[in-house]
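Please look over the sequence and the model before reading on, and keep both at hand while you work through the points that follow.

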Amino acid sequence: MPNKTFFWFFLPTGLAMILFIGLPIISTGIQSFYAQHDQVVKEVKKCDPFGCTVSIVVDNETTSKIREAKPLGKFNGFGTYTDRNHLAVEEIKKFWNETESFGAFVDQVNNLPFYKALIFTLTYCLFVTPNVLLLGFIIALSLNAVARKIRGPLIFGTILPMIVTPLVGSLVLFWMIDSQGIIGANIQNLMNDPYLSLKSSKTLTWITIIIYGIWHHSPFAFVVFYAALQTVPQEPIEAAIIDGASRFQRIKHIVLPHIYPVVTFVALISLMDNFRVFEPIIGFSAEGSAQSLSWLIYDNLVNEEVILFGSAAATSMMTIIGIAILLAPVLIRTWKEFKTAR
Amino acid sequence: MDYGLDTKSTRLKTFNTIFIITWLLIACFPFIWTFWGSFKVRADFFSRSDWWYAISAFNTLIETGGKFTINAYTQAWTEGEFWKASKNTIIVTVFVVSISLFLGTLGAYALSRSTEKYAFWILMAALIFRAMPHITLVSGYLFPFFELQIWGILPTTIVVLVAINQPFTLWLLYSFFKTVPKELDESALIDGCSYFQAFRHIIMPVMWPGVITAGLFSLMLAYNDFTVTALLLNQENHTMVPKIQSYLGTNQHEGNLMWAVSAVVSATAPLFMLVMFFQRQVISGLTAGAVKG
């Protein structure tokens, strides 16, 4: 296809992506170097028959004037990145010098909002991704063994958790697991502890959100693995059966190597999706004990007094860097393949 | 896959059946339970005293005189203004699907027929764009949109959702167009068609299966989106998912949980029906990029 024709065909979609994905990333980058204006204060002298007092009040007029003149805020350089709510460089140094053991240091760092969110996000990725792969694969194997006639409805039932939006999915589970719901109430009875509830324990909340993640993402892994299983050649399997290979050996030595590229694909996609975990935290109303990077950005953006653009942008940039680190191996591999293919 | 030589022991078969039934229960029961509970009153579905009330409908019987009630639905749709939210969702979904299919088919066709190096780099860039968390993009939008005074209205959200959706649509349709033989449009070009004419008269008639799959995914993205719609739309223009969240209530004001329950059911039912109808397309779309490796 000649370059000119390509250009006109690609222009609309290219323009949409540059304007609404490329530019916003740049805009986020710029915003992250600015912080919202401080409120201008002035001293007001009040005199009454008992004497004069000086009080400090917010000068609303001047404040709003400055805000109008420079809506982006004041230039802050890397200030937002290093402050207490983000990388907290000074606090970390202080903790490092003051705490005696490494455990105490980690405890202290764990109280800083950014690190707290980072740790939750990574824990979530670490537990959900492998389990999703495993469960998805087992379901695919298992469904592949049932009679063809009833597979259709079974597949429909299996993919339900995936097609609802994460907010709805987590709400539906939350209403059951909550202390007033069917599962929560029964667990209370079983444990004989009327105060046991999701909100009371941080560990329980984390476990619930991770279970939700596995529940929500497994169907995707299932669908891809199931389709891949249909392409596994029959001859080697039959040969292996004749040679006396057990079921497990057949899966390990024939099926798994065949679908290996698909496994990496699913792992990559689910890692990318898990890294942006956000809606379940709202659905489970777990803000108190579990915060993710995406949730921090959301929280800054819905701030009631003044929207913290700078703070949200700085967290966003660091999330993008995180994504870049996750994607790097894949991109490098693809580039190498592309180079050798040429 | 039927193994000709493979014979399964009965024990394995039983185990397999038990496993599938357990999994299906885990996957489907929450939805069935929510559907059941949406016809009860709050004191039953979120019972403080006994969860069995949700089944025996103890309070529903006292409050409404019947075992089932549709009060939650009627109130959410009228008082809760869920009708407005669903109207907005329909507008957003219809526009997002049609615009992103229009842009996506043109772009993906060009990518699939280009032999230049930049086509590869564009696809890679699209992959990176696909990985961007939506909330980071939203934090980039908010400030410029406030300044330009285009925040809060439906057209802005539609354009944003179309753009966010493009990378995935491009990849899906690209792998689909790759399977359409090149000779088809090349012969048309030799006969004197322009590229656009070849696209219009030769490719369009055969591209429907791929377009339906891509359309379904655009639809699910637009219909299900929370991040973009919650932050870029004002209260008045909220679509269904942010509306459901607003029913949950905050620390400041108490929400109406039963409205949320019935709204969840109302929002999910059409989606389930659609997927039941187009199950084959959904699955072929999910695997399109994957199986080829």
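The model is predicted. Chain B holds 16 helices and zero strands, and its radius of gyration of 24 Å is well over the 19 Å that the globule rule gives for 293 residues, so chain B is more spread out than a compact globule. Chain A, for its part, is divided into three stretches, namely domain 1 (40-70), domain 2 (75-104) and domain 3 (114-341).

**Chain B as a whole**

- Along its principal axes, the C-alpha trace of chain B spans about 80 × 70 × 30 Å.
- Of the 293 residues in chain B, 44% are buried.
- When contacts in chain B between residues at least 6 apart in sequence are considered, 71% of them join residues that are at least 24 apart.

**One helix of chain B**

- Helix α7 of chain B, which covers residues 117-131 and so has 15 residues by the helix assignment, reaches 22 Å from its first C-alpha to its last, and this is close to the 21 Å expected at 1.5 Å a residue.
- Within α7(B), the residues B:Ile122, B:Ala126, B:Leu127, B:Phe129 and B:Ala131 are buried.

**Domains and strands of chain A**

- Between domain 1 of chain A and domain 3 of chain A, the C-alpha centres lie 53 Å apart.
- Strand β2 (residues 41-48) of chain A and β3(A) run antiparallel and are joined by eight bridges, while the hairpin that joins β2(A) to β3(A) passes through two residues.

**Where the two chains touch**

- On the two sides of the contact, 84 residues of chain A meet 78 residues of chain B.
- Helix α1 (residues 3-31) of chain A supplies 17 residues, the largest share of the side of chain A that touches chain B.
- Sorted by class, that side of chain A has 62 nonpolar residues, 19 polar residues and three charged residues.

Methods. Residues are numbered from 1 along each chain as its sequence is written. Chains are lettered from A and ligands numbered from 1 in the order in which they are written. This is a predicted model: local features need pLDDT of at least 70, side-chain atom pairs count only at pLDDT 80 or more; totals for chains, interfaces and linings use all residues. Helices (H or I, at least four residues) and strands (E, at least two) are DSSP runs, numbered from the N terminus. The radius of gyration is taken over C-alpha atoms; the globule rule is 2.2 Å times the number of residues to the power 0.38. A residue is buried if 20 or more other C-beta atoms lie within 10 Å of its own, exposed if 12 or fewer, and partly exposed in between; C-beta atoms are placed from the backbone. Two residues are in contact if their C-beta atoms, placed from the backbone, lie within 7 Å. Ala, Val, Leu, Ile, Met, Phe, Trp, Tyr, Cys and Pro count as nonpolar, Asp, Glu, Lys and Arg as charged, and the others, Gly among them, as polar. Domain bounds come from an automatic or database domain assignment. The expected span of a helix is 1.5 Å times one less than its number of residues. Two strands pair if DSSP finds at least two bridges between them.
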